[in-house]
Amino acid sequence: MPREQKKRMLRNGYIWAGLILIAPALSGLAQNKSVVVEEVVARVNNDVITRSDLEHARSEMQQEAQQDCPKCTPEEINQKVAAEDKNVLRDLIDNSLLVQRGKDSGVNIETDVIKRLDDIRIQNKIPTMEELETQIDKSGVSFEDFKNNIRNQLIQQEVIRHEVGSKIMLDHARVQKYYDEHKSEFTRPEQVTLREIFVSTEGKPESDVPALRKKAEDLLQRVKNGEDFGELAKHFSDGSTAKQGGDLGRFEHGQLAPNIEQAVFVLQRLQTTDVIPTKTGFLLLQVGEHYAAGEQPEDKVENEIMDRLYNEQLRPALRTYLETLREESYVLVKPGYADTAAVPSSTIEEVSPTPDDDKKKKKSTPTPNTPVPGSKPD
């Protein structure tokens with residue numbers, strides 16, 4: 001299944017992958033009231049990034065690499081991680097700058113934070129928000145820290161959408177030009193894109209099966225009544241694709257089980273199958289797009305082209321914006337660590353604790369005449 005279908009970014013919505021996926025980690029907390037000494041590797045205005053933040057980000061990067069490539073060997077995973085390792089500190093600094101800009105701009109995403117928490121609750125089949133809070137606390141991470149990480153990610157998304165994404169303009173003429181220049185890329189065999197809602201019967205008593213089938217039939221009726229299939233998948237599907245709105249990707253003949261292939265290739269865009277019984281539950285499939293064999297017409301691939309053009313422009317535009325944030329900020333990195341996106345005005349070397357020359361002081365920033373700290377009290 002093509003992974004790019006699972007990772008498509010929505011236009012004017014989500015942020016370039018690789019930046020917000022590495023969320024700032026939680027620093028180690030004391031088991032009692034004694035002071036915990038933590039190495040500070042960077043200071044970003046009034047925020048700090050610690051060695052624990054780096055280690056946690058690297059650990060998350062390792063896990064993401066394993067999820068993205070489950071068939072990769074440990075050596076291949078390590079190679080993928082090593083290729084991105086040099087940018088871990090850069091990404092943490094980027095995150096901090098974006099969150100600070102959002103807070104300074106008065107970005108309010110509290111309603112979205114509650115919605116995201118509720119989505120997590122539903123996807124994990126947790127009955128109440130109170131129970132979600134209890135389970136998170138039991139995992140060793142405080143609920144407030146968990147909630148704050150979600151808040152920071154949403155702030156980053158909103159800043160990028162408003163400050164960068166909204167300035168990327170794409171018109172039909174540009175889409176048409178791209179299509180004309182890349183027509184060969186849009187010559188394809190007959191294909192369908194699919195989304196699923198799966199109601200599992202696995203591990204359930206036989207007496208529950210009729211009710212579970214009725215649940216699937218009720219969800220089908222809700223789709224027929226006009227409700228969004230993807231939203232229903234997020235809230236009610238038991239499948240592993242629920243978080244992606246049931247997105248399965250793109251398929252051609254021969255890639256699906258015969259009974260599934262027969263059911264979906266007769267459907268057109270946004271049509272849905274009847275309830276399909278399987279060995280482990282009940283399945284609903286919706287066709288997102290149905291591509292006839294041959295060269296695809298421009299209107300069939302317009303959204304795909306828009307995504308390509310948007311993402312091509314977003315990457316350099318985002319880096320330029322982050323460079324501007326660095327120039328306007330006080331970013332201090334401890335010797336021995338590297339910010340691969342450092343700009344000349346924010347490159348500061350460790351100095352002895354003597355007063356700096358007034359000409360070297362940055363306006364409206366903390367006074368940089370203190371040596372880079374090696375530790376901080378938590």
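Student: β2 and β3 form a hairpin: how many residues lie between them, and which residue in the turn has a positive phi?

Tutor: A caution comes before the details: this is a predicted model.

Start at the turn. The hairpin of β2 and β3 has 2 residues between its strands. Asn 45 sits in that turn with a positive phi of about 55°. Asn 45 is not a glycine, yet its phi is positive. Its place is the loop between β2 and β3. Is Asn 45 buried or exposed? Asn 45 counts as buried, because its relative accessibility is 17% and the cut-off for buried is under 20%.

Now the strands on either side of the turn. β2 covers residues 40-44 and pairs with β3 in the antiparallel sense. The pairing runs over 4 bridges. Two of the partners can be named. Val 44 has Asp 47 of β3 as its bridge partner. Ala 42 is bridged to Ile 49, also in β3.

As for burial, β2 is mostly covered, with 4 of its 5 residues buried.

Val 88 counts as buried, at 0% relative accessibility. Leaving out residues up to four places away in sequence, Val 88 touches Leu 54, Ala 57, Arg 58 and Met 61. Val 88 and Asp 339 are 251 residues apart in sequence, but 8.5 Å apart in space, C-alpha to C-alpha.

α4 has a helix partner as well. α4 (residues 88-104) packs with α12 (residues 298-327) at an angle of about 75°. Their axes are 10 Å apart. The two helices are therefore roughly perpendicular to each other, since that class spans 65 to 115 degrees. On the α4 side, the contact is made by Arg 90, Ile 93, Asp 94, Leu 97, Leu 98 and Arg 101. On the α12 side, the residues are Arg 319, Tyr 321, Leu 322, Leu 325 and Arg 326. The contact of α4 with α12 divides into 6 nonpolar, no polar and 5 charged residues.

Next, the disulfide. The structure holds 1 disulfide. Cys 69 and Cys 72 are the residues joined, with S to S at 1.7 Å. The link is right-handed, with 70° about the S-S bond. Cys 72 is buried, with a relative accessible area of 17%.

An open sheet of 4 strands has the order β6-β5-β8-β7, with antiparallel pairing. Its edges are β6 (247-252) and β7 (276-278). Each has a single partner strand, so one side of each lacks a neighbour in the sheet. In this sheet the twist averages 40° from one strand to the next. β5 (residues 191-200) and β6 run antiparallel and are joined by 5 bridges. Thr 193 stands opposite Arg 250 in β6. Helix α9 (residues 209-224) lies across β5, β7 and β8 (281-291). α9 runs at about 25° to β8.

Leu 270 is not a glycine, yet its phi is about 70°. Leu 270 lies in the loop between α11 (258-264) and β7. Leu 270 is partly exposed, with a relative accessible area of 43%, whereas Asn 45 counts as buried at 17%.

Key. Residues are numbered from 1 along each chain as its sequence is written. This is a predicted model: local features need pLDDT of at least 70, side-chain atom pairs count only at pLDDT 80 or more; totals for chains, interfaces and linings use all residues. Side-chain values use heavy atoms; hydrogens and water are left out. Axes are lines fitted to C-alpha atoms, for helices over the stretch in contact, and angles run from 0 to 180 degrees between N-to-C directions. Angles under 35 degrees count as roughly parallel, over 145 as roughly antiparallel, 65 to 115 as roughly perpendicular and the rest as oblique. Contact means heavy atoms within 4.5 Å. Ala, Val, Leu, Ile, Met, Phe, Trp, Tyr, Cys and Pro count as nonpolar, Asp, Glu, Lys and Arg as charged, and the others, Gly among them, as polar. Two strands pair if DSSP finds at least two bridges between them. A disulfide is a pair of cysteine sulfur atoms within 2.5 Å. Buried means under 20% relative accessible area, exposed over 50%, partly exposed in between (1.4 Å probe, protein chains only).
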